[in-house]
Amino acid sequence: MDTPSQIQLAYRAYVEDRCKKPESFEAFSAYLKSQDIELKGSYHSLTRIERDIVLGTFTESLHRLENAEEYLEYSTREKVLACYYTWLEELGEIRTFLKVLSQHSMISLTTERFLKSVEPVFKAYIEDLLNEGSDTGEIADRKIIESRYPAVLWYNTRFIIQYWLHDDSQDYERSDAAVEKAVNFVFDLLAPNLLDSGFDFFRFLISK
Amino acid sequence: MKEQKKIPSSKVKRASKFVQTGFKVGGNYIRHYSKKVIQPDLDRSELDERNAGDIYDTLSELKGSALKVAQMLSMDQGILPKAYSDKFSQAQYQAPALSGPLVMKTLRQYLGESPSTFFDAFDIKAANAASIGQVHRGRKDGHELAIKIQYPGVAESVVSDLKLVRPIARRMLNLQDADLDMYFDEVKERLLEEADYELELQRSIELSEKCAELRDVSFPRYFPEWSGRRVISMEWKDGKHLDGFLAKNPSQQVRNRAGQALWDFYNFQIHQLQMTHADAHPGNFLFQENGQICVLDFGCVKVIPQDFYAVYRAMLQPETLTDPVYFEEQALKSGIIYPDDSAEEKQYFLDIMRDSLAMVCKPFYHEKFDFSDEDYFGEIYAYGEKMMRDPNLRKMDKARGSQHAIYLNRTYFGLFMILHKLGATVDTRKYLSEK
């Protein structure tokens with residue numbers, strides 16, 4: 001195991017066992033030393049470790065998706081759904097850790113720093129998917145606002161993670177329903193719909 | 001992506017329906033009082049009639065569990081308006097379709113493995129919609145399977161739907177909270193049981209074993225080891241649903257055979273087991289070409305308490321109606337009338353009960369009954385419509401009738417509707433003269 005992964009694991013164990021964060025980065029480095037783990041300059045702040053742990057769950061999800069044979073046959077909408085479900089499963093592994101961290105932050109966890117390193121990776125992934133969706137006609141071609149689509153889906157992601165963190169239903173099944181409904185809603189907006197035919201009609205009327 | 005296009009009517013939309021009724025009823029009051037200014041001696045009967053009419057119109061437009069509740073509560077009053085029966089087939093909680101990824105996730109969660117490796121074959125496209133989920137086809141170890149998967153969060157949706165319908169039911173039935181709770185708890189309990197697949201699996205196995213001896217009735221085999229909290233695996237059964245079966249113009253003999261099988265299935269459970277499949281909905285049966293039937297879904301089961309069963313059984317016997325003293329005794333026991341009712345009230349409810357029993361129980365009074373009889377069903381509908389608009393019925397302030405009757409009446413009503421559609425002639429005395 002490489003050093004960063006080792007440090008991430010130690011950090012998770014520390015937080016989960018004590019149900020609180022280390023007082024400071026220095027305090028945690030001292031703890032690492034006591035466990036014979038060397039920092040070797042991999043990290044300089046706790047936030048960085050936290051971000052990498054969350055990012056790790058997302059990249060692992062993408063990896064799992066790529067290896068699932070049914071994934072390739074999914075439509076864009078289904079791929080996004082599969083991505084959320086897989087990611088929530090991965091996040092489930094570190095739920096206790098996230099819950100402890102969220103007690104520490106004043107602002108809501110997801111809008112805050114932990115998802116920050118996921119954001120560019122997620123948006124790049126979504127951009128690829130949306131291009132694919134445009135080619136098949138599943139996503140509407142709307143020149144000006146098209147570039148905002150990944151941002152819309154990122155808001156959606158933050159909503160889902162937030163919902164899941166506060167979900168107390170058995171097996172988090174309300175979160176599953178939330179994913180279904182949120183993704184369907186967003187994709188109904190992104191798919192060619194009334195707006196497009198309305199705009200087309202309007203353009204026709206004024207073009208003479 | 002067709003399955004995702006079906007967007008269910010939202011809670012907001014359903015709520016607005018109730019609000020509209022509120023406005024209409026409010027409007028009726030305004031109309032009433034403005035008329036009263038001109039005619040001070042105007043009585044309330046016209047107002048009550050209008051309100052009953054508007055509430056009725058709203059309820060017949062509602063779908064989903066709201067309708068189911070309203071329908072069952074009104075059926076319990078011996079009321080079967082025609083508009084309801086048309087919607088009877090849709091009267092259940094309708095969950096939206098599950099997306100492919102959600103199907104995969106749910107199965108992975110409860111089977112511990114991806115369906116593509118767990119099953120030898122699995123079709124990601126749903127074969128059928130169930131009311132609170134959907135059915136997929138699969139194969140494992142040489143068994144052809146129907147795998148039923150439940151939509152997430154159904155139990156909570158059911159509870160919130162019930163909260164929505166409560167105020168309007170209270171208004172419609174004019175009941176005290178405690179009395180209304182008695183009915184509501186019964187409905188809530190059944191609906192929540194329907195969302196409990198572990199209980200359903202257990203009851204499916206129990207009832208299909210107990211009914212194994214019945215002629216012409218079969219059940220799929222269940223696989224508990226391949227099931228979970230929101231997944232049930234059972235043997236895939238071939239056969240046609242009622243409409244498909246009838247489209248092939250089966251002979252009268254075959255129709256009678258199917259009808260008899262259904263009659264025996266229900267009456268055996270009610271009168272021998274005192275525990276019954278309580279969802280006599282055509283979608284829950286498969287019909288074979290020779291008239292044999294297969295029962296698919298034990299989601300809704302009513303266990304009948306002993307003391308209530310005794311009264312219910314008495315009500316089905318023709319002798320009960322001809323003996324006024326015994327009849328009143330039974331009415332008292334079943335909570336249709338109360339010792340402190342005025343003589344007028346007693347008479348009113350006894351009359352309603354006598355009329356509706358004489359009509360609804362007619363099939364039990366004969367050795368054989370021909371369910372194709374249009375006049376008979378027309379009579380029931382007409383009576384139901386009349387009762388629903390009867391302002392006196394809405395003036396009642398007590399619960400009339402046991403909560404246990406709700407699902408039994410619904411079961412018999414559903415059974416009669418299927419038998420009517422089949423046009424079957426059935427030996428109806430069988431389970432009542434025995435025992």
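Biologist: How much area is buried between chain A and chain B, and what percentage of it do carbon and sulfur atoms give?

Modeller: Buried area is the accessible area (1.4 Å probe) that two parts lose on being put together, summed over both, and between chain A and chain B it comes to about 1,900 Å², with 46% given by carbon and sulfur atoms. This is a predicted model, in which local features need pLDDT of at least 70 and side-chain atom pairs count only at pLDDT 80 or more, while totals for chains, interfaces and linings use all residues. Residues are numbered from 1 along each chain as its sequence is written, chains are lettered from A and ligands numbered from 1 in the order in which they are written, and side-chain values use heavy atoms, with hydrogens and water left out.

Biologist: How many residues does each chain bring to the contact?

Modeller: Counting contact as heavy atoms within 4.5 Å, chain A supplies 21 residues and chain B supplies 24.

Biologist: How many salt bridges are there between chain A and chain B?

Modeller: A salt bridge pairs a side-chain nitrogen of Lys or Arg with a carboxyl oxygen of Asp or Glu within 4 Å, and five of them are counted between chain A and chain B. One of these links Asp176(A) with Lys105(B), whose closest N and O atoms are 3.2 Å apart.

Biologist: Which elements give two or more residues to the side of chain A that touches chain B?

Modeller: Helices are DSSP runs of H or I with at least four residues, and strands are runs of E with at least two, both numbered from the N terminus. On the side of chain A that touches chain B, the elements giving two or more residues are α4 (76-93) and α8 (173-190) of chain A, and α8(A) provides the largest share, eight residues.

Biologist: Turning to chain B, how many residues of α5(B) are buried?

Modeller: Buried means under 20% relative accessible area, exposed over 50%, and partly exposed in between (1.4 Å probe, protein chains only). In α5(B), 10 of the 12 residues are buried, among them Lys105(B) and Tyr110(B). Just after this helix, Gly112(B) takes a positive phi of about 80 degrees.

Biologist: Where is Thr411(B) placed, and what does this residue touch?

Modeller: Thr411(B) sits in helix α18 (residues 404-422) of chain B, and is classed as buried because its relative accessible area is 1%. Leaving aside residues up to four places away in sequence, Thr411(B) touches Tyr266(B), His277(B), Ala278(B) and Ala280(B). A polar atom of the Thr411(B) side chain also lies 2.6 Å from the backbone oxygen of Tyr407(B).

Notes
A polar contact is a pair of N or O atoms within 3.5 Å; within protein, one must be able to donate a hydrogen and the other to accept it, and residues adjacent in sequence count only if both atoms are side-chain atoms.
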